[in-house]
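Please study the sequence and the structure shown below. Then work through the exercises, comparing each step with the solution.

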Amino acid sequence: MILEARRVSYSYKSQKGKLILDNVSYCFECGKMYALLGASGSGKTTFLSLLAGLDSPVKGEICYNGKPVIPKELAEYRRHHISLVFQSYNLIDYLTPIENVKLGGSRNPEALLNRIGIGKELWKRNVLQLSGGQQQRVAIARALASDAKIVLADEPTGNLDEATAWDVIDLLKRIAHEENKCVIVVTHSKELAGEADSIIRIGG
Ligand SMILES: Nc1ncnc2c1ncn2[C@@H]1O[C@H](COP(=O)(O)OP(=O)(O)O)[C@@H](O)[C@H]1O
Ligand SMILES: [Mg+2]
């Protein structure tokens, strides 16, 4: 088990006392894709942010390799162990796919882009000249450019048409299985969540 949420509770300071997450416990392993499923506003992004080390739980702890991640180690934890993929891709507009992937880490960008199905003819275009599905693939390649074992994706298919969404989910699953990464994907689609090795329901 690489990642664990132990009895995690969370509330935003601005909403004093209102628990977004209440005593949530889950274990995550490498080589598996997990789907975090829940209605809008149920706390999926909040939970992912805690797993990513962007904030600390109010109660309970996030453990990496069996050890609690303490607040003063959060930046270090994020830098070495976490890769993020967002709904809106978050690529740098004025750079090419190759340049964007290089920002994610030191692994060979050409090999990574080949791996995720972005052919050579697209490597040196501006990323804005790619389709949404292609841009999301580049964002996934960027997430794979580091040696981080944990890949966290927040509604990575939210801006994609249905066929492309399935492609992206299949790609993330392949990455979990073939690269032995721990992939955690937020979605509100039950159908897409069905592709995961394990489904976690947030908010009941
Ligand atoms: N920065 C914030 N400050 C205060 N409340 C927030 C903040 N972010 C989210 N919330 C609230 O926390 C709840 C869960 O939000 P979120 O984790 O974004 O849900 P989801 O990703 O499942 O849609 C919602 O009620 C939302 O309004
Ligand atoms: Mg969200």
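**Exercises on a sheet and a ligand**

Strand β7 (residues 150-154) and strand β8 (residues 182-187) run parallel and are joined by 5 bridges. The model is predicted: local features need pLDDT of at least 70, side-chain atom pairs count only at pLDDT 80 or more, and totals for chains, interfaces and linings use all residues. Residues are numbered from 1 along each chain as its sequence is written, chains are lettered from A and ligands numbered from 1 in the order in which they are written, and side-chain values use heavy atoms, without hydrogens and water.

**Exercise 1.** State in which order the strands of the open sheet stand, and which strands are at the edges.

*Solution.* Step 1: strands are DSSP runs (E, at least two residues), numbered from the N terminus, and two of them pair if DSSP finds at least two bridges between them. Step 2: the order of the 5 strands is β6-β7-β8-β3-β9, with parallel pairing. Step 3: β6 (82-85) and β9 (198-201) each have a single partner strand, so they stand at the edges.

**Exercise 2.** Identify the polar contacts (pairs of N or O atoms within 3.5 Å) that Ser42, Gly43 and Thr45 make with ligand 1.

*Solution.* Step 1: a polar backbone atom of Ser42 is 3.2 Å from an oxygen atom of ligand 1. Step 2: for a backbone N or O atom of Gly43, the distance to a ligand 1 oxygen atom is 3.0 Å. Step 3: Thr45 places a polar side-chain atom 2.8 Å from an oxygen atom of ligand 1.

Methods: Helices (H or I, at least four residues) and strands (E, at least two) are DSSP runs, numbered from the N terminus. A polar contact is a pair of N or O atoms within 3.5 Å; within protein, one must be able to donate a hydrogen and the other to accept it, and residues adjacent in sequence count only if both atoms are side-chain atoms.
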